[in-house]
Amino acid sequence: RVAPDGSGFTTLTSAGDARAPLVSPDGKTLYYTADLATSPKATRMSITPGSTSETISSQWFNAQAVSPDGTQLLGHAWDQSQQRGFLALMDVRDGSVRAVPGAAIRGTFMPDGSLLVVERTQGKEQAVIRPHRGGEARPLGPATIDTIPAVAVSREGRIALVRSQSVTDVV
C-alpha cells in the first residue's frame, strides 16, 4: 500500500505469489490472484495493514477486473473436465463462477456494470458490449482478422481498443 503522495509504503501480502492487484470501488478491499500450488485463486483482504487474506473460491481463477459495484470479478477460469479456459464472472460474496456468454476471450467492465469483451469466432475477433442485466449484445464494428489484445474503458464510458496484426511464415 502506498499513499497518493508516494509515502507510507506498506506490504499487505506476505505468503506466496500475489499478483494482478485490484482495489474495490470503495477502496476498502484488495483483490488479487494468489498462485497457490500452481493453481491461481481469487483472494481478498482488507486494505488495513495487518489484515489476513481469504481465498474467495477454490476454483482456478485469475482475476483481471472488479465490477463498478464491487460484487463481481472478471477473469479467466479453468474447466478441468473440458481441459479449457474461459472468461468468467465470479461473485465475490459466495465465490460462484459463471462463464461470460458468447465466445469471449478477454474484457473489462463498463461504468454501468456491462461488459466490454473481445469475442473470437472462426479466427476473427470483435469487440462487443454485453449488457449488465441481459439483453442483446452490441458489436462495436465488424469482426476482423486483427487481434484485439487489450481493451480499456474510462469512468465516463469512453472505450479504447488495441488492434494488431501478426505475420508468420512457414520456412
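**The tryptophan pair and its surroundings**

Modeller: Begin with tryptophan 78, which is partly exposed at a relative accessible area of 29%. That value falls between the 20% limit for buried and the 50% limit for exposed, hence the label. The model is predicted, so treat every value here as computed from it. Tryptophan 60 is partly exposed too, with 29% relative accessible area.

These residues matter here for one count: the structure holds one aromatic pair. Its members are tryptophan 60 and tryptophan 78, with ring centres 6.4 Å apart and planes at 50 degrees. An angle under 30 degrees would count as stacked, and one over 60 as edge-to-face. At 50 degrees, therefore, the pair is tilted. Tryptophan 60 sits in the loop between strand S4 (54-55) and S5, while tryptophan 78 belongs to strand S6. The pair therefore ties together parts that are 18 residues apart in sequence.

Stay on strand S6, which also carries glutamine 72. Glutamine 72 is buried, because its relative accessible area is 12% and the limit is 20%. Its side chain makes a polar contact of 3.5 Å with the side chain of arginine 98. Leaving out residues up to four places away in sequence, glutamine 72 also touches Ala65, Val66, Leu89, Met90, Phe109 and His132, among others.

Next comes the nonpolar packing. The largest nonpolar core has 13 residues, and Tyr31, Ala42, Ile56, Phe61, Leu73 and Met90 have the most contacts inside it. Strands S5 (61-66), S6 (72-79) and S7 (84-91) each supply at least two of its residues. Take isoleucine 56. Beyond its neighbours within four places in sequence, isoleucine 56 is in contact with Tyr31, Ala42, Leu73 and Met90, among others. The list for isoleucine 56 also includes Thr43, Arg44, Asp91 and Gly95. A second, separate core has ten residues, including Ala65, Val100, Phe109 and Val117. In soluble globular proteins, nonpolar side chains tend to be buried together.

Now the whole chain. There are zero helices and 14 strands. The C-alpha trace spans about 50 × 40 × 35 Å along its principal axes. Of the 171 residues, 36% are buried. Among contacts between residues at least 6 apart in sequence, 27% join residues at least 24 apart. The accessible surface comes to about 10,300 Å², with 50% of that belonging to carbon and sulfur atoms.

Note on methods: Residues are numbered from 1 along each chain as its sequence is written. This is a predicted model: local features need pLDDT of at least 70, side-chain atom pairs count only at pLDDT 80 or more; totals for chains, interfaces and linings use all residues. Side-chain values use heavy atoms; hydrogens and water are left out. A nonpolar core is a set of buried Ala, Val, Leu, Ile, Met, Phe, Trp, Tyr and Cys residues joined through side-chain atoms within 4.5 Å. Buried means under 20% relative accessible area, exposed over 50%, partly exposed in between (1.4 Å probe, protein chains only). Helices (H or I, at least four residues) and strands (E, at least two) are DSSP runs, numbered from the N terminus. Contact means heavy atoms within 4.5 Å. A polar contact is a pair of N or O atoms within 3.5 Å; within protein, one must be able to donate a hydrogen and the other to accept it, and residues adjacent in sequence count only if both atoms are side-chain atoms. Rings of Phe, Tyr and Trp (its six-membered ring) pair if their centres lie within 6.5 Å; planes under 30 degrees apart count as stacked, over 60 as edge-to-face and the rest as tilted. Accessible areas come from the Shrake-Rupley method with a 1.4 Å probe; for residues, only the protein chains shown count as cover.
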